Amino acid sequence: MQIAPNFAAGEWKLLKLDVAGSPDWEVAITTFDNRIRARYIEPTDLLIAAEKDKMANQCRFGFTVLAIDCLLVETLGAFLDGLEGTDGASRKTFCKFLTTRPQFSGEFTPQLADQFYREFRCGVLHQAEVGGSSKVWSVGPLLQNEGGSLTVNRNTFHERLKAEFESYLQELRTPVNEALRTNFRKKMNFIART
């Protein structure tokens with residue numbers, strides 16, 4: 001089973017990650033980086049690039065962009081917390097990410113994160129539409145709240161999510177982040193199980 005492009009689960013199991021300074025840590029982090037970029041970031045970048053010269057009202061990929069990014073929020077949240085899965089913890093994981101990670105915490109209060117989870121994450125992924133009177137857009141600030149109706153700029157959301165991913169990679173590269181690395185290993189070990 002491939003857990004990242006050109007990297008099998010069996011290869012993951014051979015990595016020596018018990019020592020903080022092991023050179024295998026860079027292999028592990030690069031493997032994770034490749035996995036996330038190939039599955040989430042690169043496809044979303046391509047969708048956004050395909051519409052870069054269009055007027056905002058002509059863009060049609062907003063739901064797909066946001067669906068992929070919502071999957072990535074939950075995925076990164078699970079890695080940060082060392083969760084093997086998010087069954088029964090999806091809302092908590094998702095909202096915690098938006099309210100604690102620096103690229104998002106300035107805009108997302110617990111209430112706005114919960115509304116975003118319900119109307120965007122659940123709406124797009126489960127109902128194929130945004131809930132309430134909220135909207136996906138490609139211009140403007142990251143998040144606008146007008147009378148309880150949220151508008152999210154999918155492009156800004158994606159760029160900030162990529163910045164959070166880069167920050168997380170840097171955190172993993174720092175050996176003193178033992179708890180973060182432990183959580184990362186727990187999630188990757190679960191993924192690589194056979």
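**Ground rules.** I am working with a predicted model, in which local features need pLDDT of at least 70, side-chain atom pairs count only at pLDDT 80 or more, and totals for chains, interfaces and linings use all residues. I number residues from 1 along each chain as its sequence is written, and my side-chain values use heavy atoms, with hydrogens and water left out.

**Entry 1, H6.** I looked up helix H6, residues 110–127; helices here are DSSP runs (H or I, at least four residues), strands likewise (E, at least two), numbered from the N terminus. H6 bends by about 30° at Tyr 117, the bend being the angle between axes fitted to the seven residues ending there and the seven starting there. Just past the helix, I found Ala 128 with a positive phi of about 60°.

The axes of H3 and H6 are 9 Å apart, at an angle of about 115°. I take axes as lines fitted to C-alpha atoms, for helices over the stretch in contact, with angles from 0 to 180 degrees between N-to-C directions. H3 is therefore roughly perpendicular to H6, a label covering 65 to 115 degrees. From H3, the contact uses Phe 63, Leu 66, Ala 67, Cys 70, Leu 71 and Glu 74; from H6, Phe 116, Phe 120, Arg 121, Val 124 and Leu 125. I sorted these residues into nine nonpolar, no polar and two charged, where Ala, Val, Leu, Ile, Met, Phe, Trp, Tyr, Cys and Pro count as nonpolar, Asp, Glu, Lys and Arg as charged, and the others, Gly among them, as polar.

Is Phe 94 buried or exposed? Phe 94 counts as buried because its relative accessibility is 0%. This residue lies in H4. Leaving out residues up to four places away in sequence, Phe 94 touches Cys 70, Val 73, Glu 74, Phe 116, Tyr 117 and Arg 121.

I found the axes of H7 and H8 (residues 178–191) coming within 9 Å and crossing at roughly 110°. These two helices are therefore roughly perpendicular to each other. Tyr 168, Glu 171 and Leu 172 of H7 meet Leu 180, Arg 181 and Phe 184 of H8.

Conventions: Parallel < 35°, antiparallel > 145°, perpendicular 65-115°, else oblique. Contact = heavy atoms within 4.5 Å. Buried < 20%, exposed > 50% of the residue type's maximum accessible area, 1.4 Å probe, protein only.
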